[in-house]
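Dear colleague,

I am passing this structure on to you, and below it you will find my notes on what turned up in it. Please read them with the model open beside you.

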Amino acid sequence: MNRLEALEHFHKTYAKDVLSQKLHQVASLYEQRKQELMLSFIQSFQRTCLQASHIDTAKARIGYITYSMRRTYLVDRNYNYVIEAYDKSWFFDPQPCHGAYDAGWAFSFLGELEDELNQLRKPYMNKIIEPDVERFVLQAAEQFHAYIVKLAKDAIPQAIQLPEFRALRCEDDLEVRIGEYKGISEAVYSAAYGILHDSTG
């Protein structure tokens, strides 16, 4: 068995099954602890709004609030999402307001996935190495991120009712977005259009 065959065998025999187990565990945890998780997300939003309201009064209105997954953090098993409040220039805002949201409830299973796959690769006698597992895990991160998006969508109707959010000086088209750091993101709320999803979905 050459290296490519070993990788294919490893993915088919172990990696996909272990990933499926971990995603099932995340889904179960989400359903069991949904209210608690929503409260934690809403509190992170509240802290960000409070912080943004204390920025220099000369600052322009808030145009974007973003929650961002950073793959460089995931490599170090730092499961915090970066929260940033920007003016309408978005990434070009020289002084965004920074916060953090702990997504460890979902991404700790990603860490378990990596640990288990590193054990399962050992019988392949160095034909599968740690960077192979790391690559698979980072590709799988998107599927765990989907649960943070789901949480954001479920929590945002309550979050936007917070007095701390309503007190913010915002652009008329302010958006709350969630995605990859300075990459592709999805709007879960727009001041211009309201809540952008079916919360029953």
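This is a predicted model: local features need pLDDT of at least 70, side-chain atom pairs count only at pLDDT 80 or more; totals for chains, interfaces and linings use all residues.

Leaving aside residues up to four places away in sequence, Trp 105 touches Val 26, Leu 29, Tyr 30, Leu 37, Tyr 147, Ile 148 and Leu 151. Between Trp 105 and Arg 77 there are 12 Å in space, C-alpha to C-alpha, and the two are 28 residues apart in sequence.

Trp 105 also belongs to the largest nonpolar core, which has 62 residues, and there it is one of the members that touch the most others, together with Phe 45, Ile 65, Tyr 101, Phe 107 and Phe 165. Helix α5, residues 130-159, gives this core its largest share, namely 14 residues.

Next comes the sheet, which is open and has six strands in the order β3-β2-β1-β4-β5-β6, with mixed pairing. At its edges are β3 (97-102) and β6 (194-195), each of which pairs on one side only. Helix α5 packs on this sheet and touches β1, β2, β3, β4 (170-180), β5 (185-190) and β6, while its direction makes about 150° with that of β4. Strand β1 (residues 62-69) and strand β2 (residues 80-86) run antiparallel and are joined by five bridges.

Which residue of β2 does Ile 65 stand opposite? It is Ala 85, and Ala 85 is also among the residues that Ile 65 touches when those up to four places away in sequence are not counted; the others are Phe 45, Thr 48, Ile 83, Glu 84, Phe 165, Leu 168, Glu 175, Val 176 and Arg 177.

Turning to the aromatic rings, the count comes to 13 aromatic pairs. In one of them, Phe 45 and Phe 165, the ring centres are 5.4 Å apart and the planes stand at 45°, so the pair is classed as tilted. Because Phe 45 lies in helix α2 (residues 34-53) and Phe 165 in helix α6 (residues 163-166), this pair ties together parts that are 120 residues apart in sequence. Both partners are buried, Phe 45 with a relative accessible area of 0% and Phe 165 with one of 8%.

A further tilted pair is formed by Phe 107 and Phe 144, with 6.2 Å from centre to centre and 40° between the planes. This pair too links distant parts of the chain, as Phe 107 is in helix α4 (residues 104-120) and Phe 144 is in helix α5, 37 residues apart. Elsewhere, the charged end of Arg 70 sits over the ring of Tyr 181, at 3.8 Å from its centre.

Met 125, in the loop between α4 and α5, has a phi near 55°, a positive value in a residue other than glycine, and with a relative accessible area of 66% it is exposed. Lys 182, in the loop between β4 and β5, likewise has a positive phi, of about 50°, although it is not a glycine, and at 46% relative accessibility it counts as partly exposed.

With best wishes

Definitions and conventions: Residues are numbered from 1 along each chain as its sequence is written. Side-chain values use heavy atoms; hydrogens and water are left out. A nonpolar core is a set of buried Ala, Val, Leu, Ile, Met, Phe, Trp, Tyr and Cys residues joined through side-chain atoms within 4.5 Å. Buried means under 20% relative accessible area, exposed over 50%, partly exposed in between (1.4 Å probe, protein chains only). Helices (H or I, at least four residues) and strands (E, at least two) are DSSP runs, numbered from the N terminus. Contact means heavy atoms within 4.5 Å. Two strands pair if DSSP finds at least two bridges between them. Axes are lines fitted to C-alpha atoms, for helices over the stretch in contact, and angles run from 0 to 180 degrees between N-to-C directions. Rings of Phe, Tyr and Trp (its six-membered ring) pair if their centres lie within 6.5 Å; planes under 30 degrees apart count as stacked, over 60 as edge-to-face and the rest as tilted. A charge sits over a ring if NZ of Lys or CZ of Arg is within 6 Å of the ring centre and within 35 degrees of the ring normal.
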